Structures are given as C-alpha cells and as structure tokens.
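Trainee: I am new to this structure and would like to be guided through it by question and answer. May we begin once it is displayed?

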Amino acid sequence: MGERTVRFSDLSNQQVDAEKLATLTVEHPDHELPLRLEATPEELEPLKKLGIRAVRLEVCLPDEDQGPERYIVPIKDFDKLATGRPMAEVLADAEQVVVAAPASIRRSHNKTATGEPLRTFNTLESAGLPHMGKVSAEEARLVRENLEAVNAKRAVQGHAPIDPANPIDAKRYGFSEPTSGA
C-alpha cells in the first residue's frame, strides 16, 4: 500500500506539489521565536514590490533586564547612525557574531531556553529522572546507592522504575551485570 502526502500553501490554503513550495522564515513582533511558512513562488511575487532592503537590529541596553529590543530599519536610515565615518567602514571593522540555532539559544547561563532553572542530575533530588544527557559517574553512583528512593520519585512522576536486571538500565547506571549460576 502506498502513502501520499498532500501539502497546502499556508498563505492561500491551496493544495500544492511539495516540490513547488518555498519556505519563509518570519520574525514577527507578536511572536518570540521565528515562524516557518510555506507558499508558492507566485504567491511571494508581491514581496519584490512591497519589500525594502533593511537591517535587522537587536539592541541590548545596559542595566536592562527585559531582554533585547528588536528593530527593522531601512538601510539608508541605518547608514545615518554612523556620524564619524561611513557605515561601510564601521561595518568592515565590526566583530562578527556567530548565531546559534534557535533551539540552543539561552538568555542566561543558569536557565534553560524556556527560562526554567537548569537541573543537575548529580543530586539525590534529580538523580535517575529521565533526561537527554549522558549519565555522569556521580548520578550513576547516587542511583545505585539510593535505588529505592530514586524509583519512588520516578513512580510519583509516572516513570517506570530503574531495573538493575534490565541490560539498558544496568549499563546506563553501572549496575553489575547479573552473573550466571555455576
């Protein structure tokens, strides 16, 4: 049995062949993160007339805890900000910024991208709880030495218990491999 995927333009809601869709990344002031839309090249033709060459700015003021302010400024107006020498020279001497992928952007060194505090799994409070990272030697030791308490926390949160007889759990948390009887 075959499978067919049907795609639609986000702008016109018309069915379109997937190979004919263009991708737009939209940074909108009402949305914190960029959004992706798909549309046909024909639907995007008006952008050539409506669009302007512009600079996207992110301004971080000193003593501001609210985060950066973002602006889109026409290039000709942006160029006017440089009064001591031409903007082309200012930009030629500027430091380049490497932009991280949106998923890895952190606003603080001690918070996640969603603003929650970082969690260490090297404490009895969090050891053995599910996470995407590697299990450290300290976390594995805490799980082995406190398996009953760790499994009680996992049960409260709706997670299956850690089973030392399970080869995956045994490897992940460093339980001794079961020995066969002699």
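Mentor: Let us begin with Gly158, which follows α6 and has a positive phi, near 85 degrees. Helices here are DSSP runs (H or I, at least four residues), numbered from the N terminus. This is a predicted model, in which local features need pLDDT of at least 70, side-chain atom pairs count only at pLDDT 80 or more, and totals for chains, interfaces and linings use all residues. Residues are numbered from 1 along each chain as its sequence is written, and side-chain values use heavy atoms, with hydrogens and water left out.

Trainee: Which residues of helix α6 are buried?

Mentor: Buried means under 20% relative accessible area, exposed over 50%, and partly exposed in between (1.4 Å probe, protein chains only). Helix α6 spans residues 147-156, and its buried residues are Leu147, Val150, Asn151 and Arg154.

Trainee: Why do the buried residues of α6 line one face of the helix?

Mentor: The arc is that of the directions from the helix axis to the C-beta atoms. Seen down the axis of α6, the buried residues line one face because they fall within an arc of 95 degrees.

Trainee: Which exposed residues does the face of α6 turned away from its buried side carry?

Mentor: Here one looks at the face turned away from the buried side of α6. The exposed residues carried there are Glu148 and Val156.

Trainee: What does the cover of the buried residues of α6 include?

Mentor: Contact means heavy atoms within 4.5 Å. What covers the buried residues of α6 includes another helix, α5.

Trainee: How many residues apart are Glu138 and Arg141 in helix α5?

Mentor: A salt bridge is a side-chain nitrogen of Lys or Arg within 4 Å of a carboxyl oxygen of Asp or Glu. Glu138 and Arg141 form one, at 2.6 Å from N to O. Glu138 is partly exposed at 31% relative accessibility, and Arg141 is partly exposed at 29%. In helix α5 (residues 137-145) they are separated by about one helical turn, because their spacing is three residues.

Trainee: Is Asp93, the salt-bridge partner of Arg85, buried or exposed?

Mentor: The closest N and O atoms of Arg85 and Asp93 are 2.7 Å apart. Arg85 has 35% relative accessibility and counts as partly exposed. Asp93, at 56% relative accessibility, counts as exposed.

Trainee: How many salt bridges does the structure hold?

Mentor: Lys20 and Asp17 meet in a salt bridge at 4.0 Å, N to O. Lys76, Asp77 and Lys80 are linked in a network of salt bridges. The number of salt bridges that the structure holds is 10.

Methods: Helix = DSSP H or I, 4+ residues; strand = E, 2+ residues; numbered from the N terminus.
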